[in-house]
Amino acid sequence: MGSIWEYANPVKFSRTAGLVLPWVSIGATVTLVVGLVWGFFFTPDDYRQGSTVKIIYLHVPSALMAINVWFMMLVTSLVWLIRRHHVSALAAKAAAPVGIVMTVIALLTGAIWGQPMWGTWWAWDPRLTSFLILFLFYLGYLALWGAIDDPDTAADLTSVLCIVGSVFAVLSRYAVNFWNQGLHQGATLSLDKEENIADVFSTPLYISIAGFVLLFIALVFLRTRTEIQKRRTKALLARERLG
Amino acid sequence: MISLLIRDLKLAFRAGGGFGLGLAFFLIVTVLVPFGVGPESSLLSKIAPGILWLGALLACLLSLDRILALDWEDGSLDLLATSPLPLEGVVTIKALAHWLTTGLPLTLAAPFFGLLLSLPEPGYPWLVLSLLLGTPALSVIGTFGAALTVGIKRGGLLLSLLVLPFYVPTLIFGAELARRGAEGLATTTPLLMLAGITFGVIALLPFASALVLRVNLR
């Protein structure tokens with residue numbers, strides 16, 4: 001297998017992604033279907049929240065992914081700036097739209113869940129607010145990608161934006177915490193807390209989280225590969241026009 | 001460095017349309033707010049710190065694309081990049097010039113606009129202090145945004161979209177400091193946080209601004 005940097009070669013990456021992609025896609029489909037069906041139809045209603053609790057199987061995984069996708073973009077941006085591997089920059093570009101969709105899903109399901117539970121679609125709760133800010137950061141990042149024609153310049157600028165943005169996103173998180181008290185409960189899935197949710201609920205939740213992760217990996221592989229092929233087509237067309 | 005600063009200041013004062021515009025915009029925002037929310041002075045004095053901070057922030061935002069765009073168009077930015085002055089210094093001076101022509105006048109004018117919004121008596125020193133501490137951060141962050149978008153034609157809207165999320169922490173602590181000052185609450189925590197953000201941003205962000213400017217100039 002060798003080192004992970006071998007996959008910085010676009011050909012090698014495309015080939016491996018092509019091999020892995022069907023399996024990851026199948027895995028994502030199976031875990032998502034099992035997790036969501038189990039979660040929606042085969043768990044008991046919560047004694048206080050009734051059946052509304054079941055939206056947790058969409059809300060929590062998408063919220064987790066929204067943050068972790070940004071984190072993955074931060075890592076790939078750093079790799080691009082330090083080692084100049086094009087695949088890394090393309091992976092960040094491929095991940096961003098997935099991340100923004102996850103953020104929107106988390107915000108929407110949160111609103112739908114919050115309406116019956118907290119009696120409001122929206123409150124300026126710290127977590128809600130920080131997710132909205134995260135959404136704005138994704139929006140700016142994508143807009144910057146779209147605004148610049150030269151791919152290397154775009155990759156450089158968006159990488160710096162992602163890194164500086166991460167610092168400011170964390171800062172905003174704590175600023176928002178200071179600014180308003182929250183409605184959200186504490187940790188739900190930490191390993192050592194008494195207040196964790198019961199096992200009946202958590203097993204399908206873990207499965208659907210795994211499903212979201214696999215779905216994300218499949219989408220990023222697919223989108224990165226498409227991006228590589230698009231660049232290759234462009235290069236071939238340019239060569240044809242010259243020759 | 002100093003000659004660059006003087007050049008930028010002269011350009012801002014003499015070229016017209018730059019210097020007074022921010023202040024005029026700030027005034028208009030302040031005047032429009034009572035039309036929007038109604039003239040009761042109890043409500044106005046409650047929201048005055050936040051409105052003044054928002055107005056100052058938007059006025060700052062308006063003039064951001066002037067920081068680098070004009071120098072980019074006439075080529076003087078290339079000259080500056082090849083001069084012995086490091087690019088980090090150039091962007092710091094640019095941010096300082098921007099602050100002197102927008103942030104500082106806004107800070108000095110804010111108490112008068114506070115009168116229009118019937119800001120409570122004890123709020124004035126805190127409002128001025130919070131703006132004095134916070135607006136440099138707005139200028140430095142704005143310079144980073146301007147450096148990011150300098151190569152893009154008609155990048156003004158994109159610049160706002162990029163910069164506004166970065167303004168969130170400064171706005172929160174700045175407005176909170178002014179509000180707590182106006183209501184006579186403890187002000188130490190937001191004061192320290194605001195100062196921390198401003199000095200951290202001044203110390204670190206010019207490196208990022210210079211980095212993206214180099215990318216745009218290559």
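## Around Ala56(B) and beyond

Leaving aside residues up to four places away in sequence, Ala56(B) touches Phe26(B), Leu106(B), Ala110(B), Leu131(B) and Thr135(B). Keep in mind that this is a predicted model. Ala56(B) also turns up in the largest nonpolar core, where Ala56(B) and Ile141(B) are the residues with the most contacts inside it. That core runs to 131 residues, and the element giving the most to it is helix H3 (residues 86-118) of chain A, with 13 residues. As a general point, nonpolar side chains tend to be buried together in soluble globular proteins.

Now for the two chains.

| Chain | Residues | Share counted as buried |
|---|---|---|
| Chain A | 243 residues | 38% |
| Chain B | 218 residues | 50% |

How does the radius of gyration of chain B sit with that of a compact globule? A compact globule of 218 residues would come out near 17 Å, and chain B has 18 Å, which agrees. Taken along the principal axes, the C-alpha atoms of chain B fill a box of roughly 55 × 35 × 30 Å.

Where do the chains meet? The contact draws 21 residues from chain A and 18 residues from chain B. On the chain A side, helix H4 (126-147) and helix H5 (151-179) are the elements that give two or more residues. H5(A) gives the most, with twelve residues. By class, the chain A side of the contact splits into 17 nonpolar, three polar and one charged.

Within chain B, have a look at helix H9 (residues 168-183) and helix H10 (residues 188-217). Their axes come within 9 Å and cross at roughly 145 degrees, and the crossing of H9(B) and H10(B) is left-handed. The residues from H9(B) are Pro169(B), Thr170(B), Phe173(B), Gly174(B), Glu176(B), Leu177(B) and Arg180(B), and they meet Pro190(B), Leu191(B), Met193(B), Leu194(B) and Ile197(B) in H10(B). Sorted by class, this contact has eight nonpolar, two polar and two charged residues.

Most residues other than glycine have a negative phi. Arg84(A) is not a glycine, yet has a positive phi of about 55 degrees. You'll find Arg84(A) in the loop between helix H2 (56-83) and H3 of chain A. Arg84(A) counts as partly exposed because it has 13 C-beta neighbours inside 10 Å, while a residue needs 12 or fewer to be exposed and 20 or more to be buried.

Ser118(B), also not a glycine, has a positive phi of about 40 degrees. Ser118(B) sits in the loop between helix H6 (87-116) and helix H7 (123-149) of chain B. Is Ser118(B) buried, exposed or partly exposed? With 17 C-beta neighbours inside 10 Å, Ser118(B) counts as partly exposed.

Technical notes. Residues are numbered from 1 along each chain as its sequence is written. Chains are lettered from A and ligands numbered from 1 in the order in which they are written. This is a predicted model: local features need pLDDT of at least 70, side-chain atom pairs count only at pLDDT 80 or more; totals for chains, interfaces and linings use all residues. Two residues are in contact if their C-beta atoms, placed from the backbone, lie within 7 Å. Helices (H or I, at least four residues) and strands (E, at least two) are DSSP runs, numbered from the N terminus. Ala, Val, Leu, Ile, Met, Phe, Trp, Tyr, Cys and Pro count as nonpolar, Asp, Glu, Lys and Arg as charged, and the others, Gly among them, as polar. Axes are lines fitted to C-alpha atoms, for helices over the stretch in contact, and angles run from 0 to 180 degrees between N-to-C directions. A crossing is left-handed if the near helix is turned anticlockwise from the far one by less than a right angle, and right-handed if clockwise. The radius of gyration is taken over C-alpha atoms; the globule rule is 2.2 Å times the number of residues to the power 0.38. A nonpolar core is a set of buried Ala, Val, Leu, Ile, Met, Phe, Trp, Tyr and Cys residues joined through C-beta atoms within 7 Å.
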